[in-house]
Amino acid sequence: MCFECNSARLNRRSFVKLAGLGGAAAAFANFGLPTGAFASDAPSPTPDEALAKLVDGNRKFVADAEACSANFSKRRTEVAKSQAPWAIVVTCSDSRVVPELVFGGVTLGEFFVARNAGNVIDTDVLGTIEYGAEHLHSPLVVVMGHKRCGAVSAACEVVTKGTKLDGSIGKMIQPILPIALAQADRGDKFIDNTVHANAVNGAERILAESEIVSRLVAEGKVKVVPAYYDLDSGAVEFMQKA
């Protein structure tokens with residue numbers, strides 16, 4: 001069962017529909033409107049409360065993947081004119097990683113999501129995070145890598161084999177290369193260790209490169225947390241907290 005919901009369990013088709021929620025396009029849906037048009041009047045959770053909700057939601061997802069969803073028609077009406085997402089999630093574009101499901105079947109208006117292959121913190125992602133934290137007052141930022149990440153695997157292959165990648169893929173993984181190069185153990189855990197390190201590095205970069213987010217963190221209004229999603233178990237590991 002998911003947060004505050006007593007509806008019937010979802011079947012697989014419903015899960016597929018849910019997978020379409022979030023994404024970078026939705027994150028920018030309200031740009032251009034006055035700031036007051038975004039945040040709802042409901043009190044925002046503290047950073048620690050938001051993190052606890054994620055931990056609890058993921059626990060429920062692991063225990064019962066057939067988690068329930070809220071009444072979408074009713075919820076759509078509630079959030080149509082304003083939004084107050086309580087968490088910003090930066091994660092990979094991998095089709096198996098769906099934050100709204102991973103954290104217990106959250107519904108419309110709860111997550112501000114930015115995705116790209118390898119959950120890289122680039123200008124677009126950083127701007128999305130700043131917007132969510134400063135203007136939508138989201139108290140928590142999670143940078144989540146995942147097991148068997150293709151982008152990280154590609155970066156590791158470039159490091160170990162000198163593989164040349166065509167098109168824009170090579171440029172896309174460039175920020176991951178120094179992280180892979182820094183790993184002393186290039187054995188069986190090389191890719192997994194790099195995934196962990198990439199998430200930690202992403203959280204550190206947010207604080208180092210964004211004056212907006214670092215100020216909010218210093219004021220106790222926002223927390224930035226790296227995380228790792230296990231594709232096999234469905235469990236999320238939260239790492240060091242900032």
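K223 is buried here, with a relative accessible area of 16% (buried means under 20% relative accessible area, exposed over 50%, and partly exposed in between, using a 1.4 Å probe and protein chains only). This is a predicted model, where local features need pLDDT of at least 70, side-chain atom pairs count only at pLDDT 80 or more, and totals for chains, interfaces and linings use all residues. Residues are numbered from 1 along each chain as its sequence is written, and side-chain values use heavy atoms, with hydrogens and water left out.

The topic is salt bridges, and the structure has 13 of them; each is a side-chain nitrogen of Lys or Arg within 4 Å of a carboxyl oxygen of Asp or Glu.

**A link between helix and strand**
- K223 pairs up with D48 in a salt bridge, 2.4 Å from N to O.
- D48 sits in helix α3 (residues 47–63) and K223 in strand β4 (residues 223–229), so this pair ties together parts 175 residues apart in sequence. (Helices are DSSP runs of H or I, at least four residues, and strands are runs of E, at least two, numbered from the N terminus.)
- D48 is partly exposed, at 46% relative accessibility.

- R205 and E209 form a salt bridge, with their closest N and O atoms 2.8 Å apart.
- Both lie in helix α10 (residues 190–209), four residues apart, or about one turn of the helix.
- E209 is partly exposed at 43% relative accessibility, and R205 is partly exposed at 23%.

**A network**
- R215 and E219 meet through their side chains in a salt bridge of 3.8 Å, N to O.
- Salt bridges with shared partners join R215 and E219 with E134 and K221 into one network.
- R215 is partly exposed at 35% relative accessible area, and E219 is partly exposed at 41%.
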